[in-house]
Structures are given as structure tokens and as C-alpha cells.
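Please study the sequence and the three-dimensional structure shown below. The paragraphs that follow lead through it step by step.

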Amino acid sequence: MAFHMIAGAPEPVATFSHATEVDGWVFVTGQMPTVPGRPDDPLPEGIEAQTRQVMENLATVLAGLGLSLADVTMARAYLTRFERDYAPFNAVYKRFFAEGRLPARTCIGVTALAKGALVEVDLVARRPGGSGA
């Protein structure tokens, strides 16, 4: 098993690795809408901007492992204002994946997220060929 911290990815908001990997499966920790290198900056305004930042952060972690969002098999999304933000979240989220190539997904309404975020997303990816650490 490998534990990965990715240079250029956002600074962790808690005690975790950016990703762990076993037998070609990559488990990416939920990313917040923080800007890499600027962890104390205010979060972007609104669900659309926060979703874009979260997805960009996830892409950065995957890129640091030689992967992309095209390698994602499963996503879990957490929204603090589910009814209000579900549709605009989906509108931004789907732009990060090729047409017809959306990963399986669960989307959950939660009472709160770290740093007062509106959204957090974690991922499971698979290395092509299933090999890896």
C-alpha cells in the first residue's frame, strides 16, 4: 500500500494523505474548495465556484499520480445546502467528465463541512491495467 502527498495540491485541512493506493486502486481524500498554496484565503463565493475549485483540486491530486478524471470509477459528493445547491453543483460537476463517461456517484446532504465549505468530493480511481503501488 502507498500513501501519497502530492506537491502542488491543496494543503490538508486535517490529518490525512491526499490519496492512498493498493493493487491499482486509488482512493482520493475529499477535497475542499481551498486554493493550493493559499490555505488561509477565503473560500470562493457560491456553489459553482466552490465546485470548480474542488474538481480542479481533485484533478491536481490525480495528475500528481499520473492519472486523470477519466480514470475515476466512483465519486462521493457532500453538500451542506443540498436542495438549493444540487442542480448547480451537477451543472459544474458534469463538465469535468467526457460525455457519457460519468463515474458512479453518491451525493449526500450534510450539516457541515470543514472550513465552512458548501461542497466536498472524494474519488476512487483505477490505474489502467490495474497495476500500481
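Are Arg-127 and Glu-21 buried or exposed? Both Arg-127 and Glu-21 are buried in this model, which is a predicted one. The two residues also form a salt bridge, in which the closest N and O atoms are 2.4 Å apart. Arg-127 belongs to the segment after E6, whereas Glu-21 belongs to strand E2, so the pair ties together parts that are 106 residues apart in sequence.

To place these residues, consider the sheet. Six strands make up an open sheet with mixed pairing, and their order is E1-E2-E3-E6-E4-E5. At the edges stand strand E1 (2–4) and strand E5 (104–109); each has a single partner strand, so one side of each is left without a neighbour in the sheet. From one strand to the next, the twist averages 15 degrees. Strand E1 runs antiparallel to strand E2 (residues 19–22), and three bridges join the two.

Helix H1 (residues 46–64) lies across E2, strand E3 (25–31), strand E4 (72–79) and strand E6 (119–126). The angle between H1 and E6 is about 30 degrees. Helix H2 (residues 82–93) lies across E4, E5 and E6, and runs at about 150 degrees to E5.

The next topic is charge. Side chains of opposite charge can pair when their charged atoms come close. Another joins Arg-84 to Asp-85, with a distance of 2.8 Å from N to O. How accessible are these two partners? Arg-84 has a relative accessible area of 48% and is therefore partly exposed, while Asp-85, at 2% relative accessibility, counts as buried because the limit for a buried residue is under 20%. A further salt bridge links Asp-41 with Arg-38, whose closest N and O atoms are 2.5 Å apart. Here Asp-41 is partly exposed, with a relative accessible area of 31%, and Arg-38 is partly exposed as well, with 45%.

Aromatic side chains form another kind of contact. A pair of aromatic rings is described by the distance of the centres and the angle of the planes. The whole structure contains three aromatic pairs according to the search. In one of them, the ring centres of Tyr-93 and Phe-97 are 5.0 Å apart and the planes stand at 50 degrees, so the pair is tilted. Tyr-93 is buried at 4% relative accessibility, and Phe-97 is buried at 9%. Together with Phe-89, these two residues form one aromatic cluster.

Finally, consider the loop between E5 and E6, where Ala-114 is found. With 35% relative accessibility, Ala-114 counts as partly exposed. Which residues does Ala-114 touch, not counting residues up to four places away in sequence? They are Val-13 and Met-32. Val-13 is 101 residues from Ala-114 along the chain, yet the C-alpha atoms of the two are separated by 7.4 Å.

Key
Residues numbered from 1 in each chain as written. Predicted model: local features only at pLDDT ≥ 70, side-chain atom pairs only at ≥ 80, totals over all residues. Heavy atoms only, no water. Phe/Tyr/Trp six-rings, centres within 6.5 Å; stacked < 30°, edge-to-face > 60°. Buried < 20%, exposed > 50% of the residue type's maximum accessible area, 1.4 Å probe, protein only. Pairing = 2+ DSSP bridges. Helix = DSSP H or I, 4+ residues; strand = E, 2+ residues; numbered from the N terminus. Axes fitted to C-alpha atoms, helices over the stretch in contact; angles between N-to-C directions. Contact = heavy atoms within 4.5 Å. Salt bridge = Lys/Arg side-chain N within 4 Å of Asp/Glu carboxyl O.
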